[in-house]
Amino acid sequence: MSAPKTLRILVLPGDHVGPEIMAEALKVLDVVEQSRPDLRFQRDTDLVGGCSIDKHGVPVTDVVLEKALDSDAVLFGSIGGPEWAGAQPTPESGLLELRRKLNAFANLRPCEILVPSLVGASPIRPELVAGTKFIVVRENCGGAYFGEKREETDQASDLWVYSRSEVERLAQVSAAVARMLHASIAGGGDKSPKPVVWSADKANVLASGRLWRRATSDIFQREIPDVELRHQLADSMAMLMVKNPRQFNHSAIHTDNTFGDILSDISGGITGTLGVLPSASLAGVPGDGSCKGIYEPVHGSAPDISGKGLANPVAQILSVAMMLRYSFLLEEEAAAIEQAVIKVLDSKDNGGLAIRTGDLGGKARCSEQLGLPIPSSIEPLKVFAAYHSIYLLRYEGEPATKIPARKDADGSVTLFLRVSGRHLPRIKTENEVGVMTWVRQNTSIPVPAVVRFSADTDNAIGHEFTLLERVPGTSVHNIYDTLSDDDKRKLVEPLVAFLLELHSKPWPRGLVGGLKMEDGAITPGPPIEETFWQVPDIEKYWPGASVESLNPLLGGPFDGYTSYSTAALRCYIHAIETHPSLERFRTMVPQLSRFVVAINSEQYKSKLDNAKYILAHKDLHFGNIMCDPADPNLPITAVLDWEFSGVVPATRWNPVRAFLWNGKRDTQSKEEHTKMERLFETVCAEKGVLSLLEDVKPTSLQESMQTAVNHIRAIVEVCPRGQAQDKIGYTGLSDSVQGKIGYSSSNS
Ligand SMILES: NC(=O)c1ccc[n+]([C@@H]2O[C@H](COP(=O)([O-])OP(=O)(O)OC[C@H]3O[C@@H](n4cnc5c(N)ncnc54)[C@H](O)[C@@H]3O)[C@@H](O)[C@H]2O)c1
Ligand SMILES: CC(C)[C@H](C(=O)O)[C@@H](O)C(=O)O
């Protein structure tokens, strides 16, 4: 392979938030670099602004100016701050010198509401501001900024000079920008016949303004007939931008240095923040081949929020996109960054991550990260998973050495990123991580390491997630049909040993619940069950209800089997009392309430609670058991999917019944299942651990209570969904409640 093409970038982070947002933008550049082995972004970082004054006594040194000239592009942060108030020269003059030195005369400053869901950040009414998109093209090397200055104690002046050629060269850029914007609109609709440039000046007052208008009109007439030119006084332009920003859509606003500075900050008023507005200061016409440029946010150094992680890095990141587009002609990569920013900012119901910093009304911080190196590849995994989506993150070379997880033979590391849906917010992730950590710490059961996790959505991914080590081997499910009887025994033997470990770890007598991580320690948490009402269904069938009001979570973990069943029954009673579809069952509420009293009576409670309490995996089928088929001993390499695990009375979990879950109920599958149950019993008998089978047998009293609870739960689950209502008769329930526990409604 030929050597990668080197593109040299001078990185000038500057002052206050400059270095904070630059660090994030450079991560994005890293990702682009990894996707393009044929390119290398060689970066040289240096000082500018206040930090340069502190070190060198000047806001920009000749060395830095020479480096800038020598680079392919300059990536600039922001400069200035109150600590340099009164400094002469000012930190800001460093930026002006840089613009002049590079002859970066055309400053492109887009104003765009990036995603419709961000209209709320704008102080302007949504119907006026939605869809706004135009670009201010500001003259960057002339006018009052660079004219002769006189500064005396009581008098000062700035000469506001423009030459015709300065206006003309900017007009060519403005026209090119207008053409690009015009071409980017899909045809039809409100597309104007020609690209449009609005020229903003003060021709009614300033001589330089009159020159601006004449020179602009002349060159448009002479050389740019394909673009429509409209003149507007700069002050009323400011008013119109706020009153009706969309009237400038897909046009370029061609204006001088001072007005451009002000009008582009009005863009920040339109979007509601300067934090999303990038800029490019170019030394040529975009589209005519790569042109050198300075790429920087429109905003300043935001000293009011610096050092607090509050700055929005989007403007700086989008400045990287502009650099790739205009200086390096990497349109695809530039567009990919813009799309990624849109995905990050957009609302969740629109497929976005809704990760927003405070200026956009969010809580995200400038630098949200998993604290891991950037993967060399991210691949979505197509799996059937109702609760989450999965991505494979691969790390190679040096970054792989930094990942605290199992390495493959070639030294690379692959991680599973499981991004959770909103089914049981927080508790499900907390529980799975708590259980997996407990199992790794307290048993010999192989479980993948949890590399990172977040039980809330306020993180770099915008969703709850777990990042797990990828374990070797394959799921037993995949190879089951190829296994001999001997092979099956090789799998059942260690499973018996694992179950024995789970059965022999004592839990506080009577604990029913999940586990969770709290400040690095594992503590009891609420019980988590797959059968619970979860957020998507609650939104659909239970307006006004919540995960907590419908599920026996409050008060959990529970002090025993009866307390847990009681909490569940109370939720079901509440559901029957409130949901219209359950109205016909309301007559049973008094009877159910008496049932609750009965199971909690002295006569029954201690008998019902009398069980072994174990940590149960709850979904231990062969799809979740990994083994190494390359090894003739078929060692189990991992037990996966601890999502709904928790401490339960052992009678509530009989894993043996799940060993042959292949989803089929045909005769052959049933026979195979029975054969596996027998094999399990045989292995237990050989190892002298038949207690495993004893532990899971409920007493008839426990079975009665459970049958009743199950029956009521079935009613509460299916009726609101409009399913099988006719099948659920009052009689069945009545039998369960009255008959099974030796309790009748006439008891009180
Ligand atoms: N290109 C530059 O480096 C540049 C541009 C403008 C101002 N300045 C300098 O910056 C200093 C501060 O100026 P200012 O306060 O008038 O303007 P500013 O742009 O720094 O801040 C204006 C407001 O916008 C907010 N803001 C700016 N950037 C943000 C971001 N990324 N995320 C969230 N909020 C953000 C700030 O908190 C502040 O409330 C001054 O010294 C000024 O001269 C530098
Ligand atoms: C910092 C200052 C020199 C600069 C300018 O006035 O051009 C800033 O306000 C900007 O908009 O980039």
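The following legends describe close-up views of a predicted model.

**View 1. Domain layout of the protein.** An automatic or database domain assignment divides the protein into domain 1 (1-122 + 272-367), domain 2 (145-270) and domain 3 (369-470). The centres of domain 1 and domain 3, taken over C-alpha atoms, are 32 Å apart. Their contact (heavy atoms within 4.5 Å) involves 10 residues from domain 1 and 11 residues from domain 3.

**View 2. The interface of domain 1 and domain 3.** About 770 Å² is buried between the two domains, 48% of it on carbon and sulfur atoms; buried area is the accessible area (1.4 Å probe) that two parts lose on being put together, summed over both. On the side of domain 1, Q34, K348 and I355 lose the most area to domain 3, together 47% of what that side buries.

View 3. Zero salt bridges are found between domain 1 and domain 3 (a side-chain nitrogen of Lys or Arg within 4 Å of a carboxyl oxygen of Asp or Glu).

View 4. S279 is found in strand β11 (residues 278-282), strands being DSSP runs (E, at least two residues) numbered from the N terminus. S279 counts as buried because its relative accessibility is 0%, the limit being under 20% relative accessible area (1.4 Å probe, protein chains only). Its side chain reaches the backbone oxygen of E296 at 2.8 Å. Not counting residues up to four places away in sequence, S279 touches residues including N107, R109, Y295 and M322.

Residues are numbered from 1 along each chain as its sequence is written, and chains are lettered from A and ligands numbered from 1 in the order in which they are written. Local features need pLDDT of at least 70, side-chain atom pairs count only at pLDDT 80 or more, and totals for chains, interfaces and linings use all residues, while side-chain values use heavy atoms, with hydrogens and water left out.

Technical notes:
Helices (H or I, at least four residues) and strands (E, at least two) are DSSP runs, numbered from the N terminus. Buried means under 20% relative accessible area, exposed over 50%, partly exposed in between (1.4 Å probe, protein chains only). A polar contact is a pair of N or O atoms within 3.5 Å; within protein, one must be able to donate a hydrogen and the other to accept it, and residues adjacent in sequence count only if both atoms are side-chain atoms.
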